[in-house]
Amino acid sequence: MVWSHTNRKGHAWYLYEGRTKHGKVRYTCKRSKEEGALAELPEGHEVYELPNGQVFVRRCQPKLFTPNELRTVEFALDSLGLAKRTIIECKGKAMIIHYADPPELPDLGIPLPEHLTRKYLEKREAKAIFLPMLKFELLDPVKRTFSASLWCSCGPTDGWTALHSRTQDLFSLAGRFLPSLANDSFYELM
C-alpha cells in the first residue's frame, strides 16, 4: 500500500524520499505514482497543503492558535456564507484568510441545461484561485491579542497593510472585518 493524500482539487499526491546534496533526507510529494513511493508518512512529519492545492510534507509545526480561536473564525465565515469560498492557513504567528470569487456562468445568450450548468460550476469551483485577503497575527501569546492586516496588491508595494493600530482579541477582530470580506466595502477598510 502506497501513502497518498488527496488535495482540495481532488488530485492524489504521493510521497517520495530523496537526499539533499549534503546527504540529508528530504521528502517530496508528486502527483504521479512512481516506483519508490513511500508506504507511510514519516514520524514527526505532517501534510501541508497550500491554498492553490500544492502538497508538501514537513516537520510538525507547533500549533500557535487554540482550537477555540480556529472555530471562532470558521464559525464566523460559515455564518456569513463564506465557508466554501475561503481557506484558513495558519502559518507561524499568522492566520491568513484566502478568498476566491464565486464561479460565474458565461453569458452565451441561450440558457444551458441544468446538468451542464452544474458540471461547469463544479469544474470552475475545483479550479478556484484563492488569494490572501486578511491576516490575523498573534502578538501576545499569553494575553491572546491579535492585529489585523489586509493584503494590498498595489504594484511594486504588494504586502500586508495594518488595518488599525489597536490590538484586540480574535473574536472582536473577526466580527469587525470578516463581514466585509466578500464585498467592495472590504477595500474601504484601509
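Rings of Phe, Tyr and Trp (its six-membered ring) count as a pair if their centres lie within 6.5 Å; planes under 30 degrees apart are stacked, over 60 edge-to-face, and the rest tilted. This is a predicted model, where local features need pLDDT of at least 70, side-chain atom pairs count only at pLDDT 80 or more, and totals for chains, interfaces and linings use all residues. Residues are numbered from 1 along each chain as its sequence is written, and side-chain values use heavy atoms, leaving out hydrogens and water.

**Exercise 1.** Find the aromatic pairs and classify them.

*Solution.* There are two aromatic pairs.
- Step one: the ring centres of Phe65 and Phe146 are 6.1 Å apart with planes at 20°, so this pair is stacked.
- Step two: Phe65 sits in the loop between β5 (55–59) and α1 (67–79), and Phe146 in strand β9 (residues 145–152), so the pair ties together parts 81 residues apart in sequence. (Helices, H or I, of at least four residues and strands, E, of at least two are DSSP runs, numbered from the N terminus.)
- Step three: Phe65 and Phe146 are both buried (under 20% relative accessible area; exposed is over 50%, partly exposed in between; 1.4 Å probe, protein chains only).
- Step four: Trp151 and Trp160 have ring centres 5.3 Å apart and planes at 75°, so they go edge-to-face.

**Exercise 2.** Work out what surrounds Thr86.

*Solution.* 
- Step one: Thr86 belongs to strand β6 (residues 86–91).
- Step two: with a relative accessible area of 10%, Thr86 is buried.
- Step three: leaving aside neighbours within four places in sequence, Thr86 is in contact (heavy atoms within 4.5 Å) with residues including Leu77, Phe130 and Leu181.
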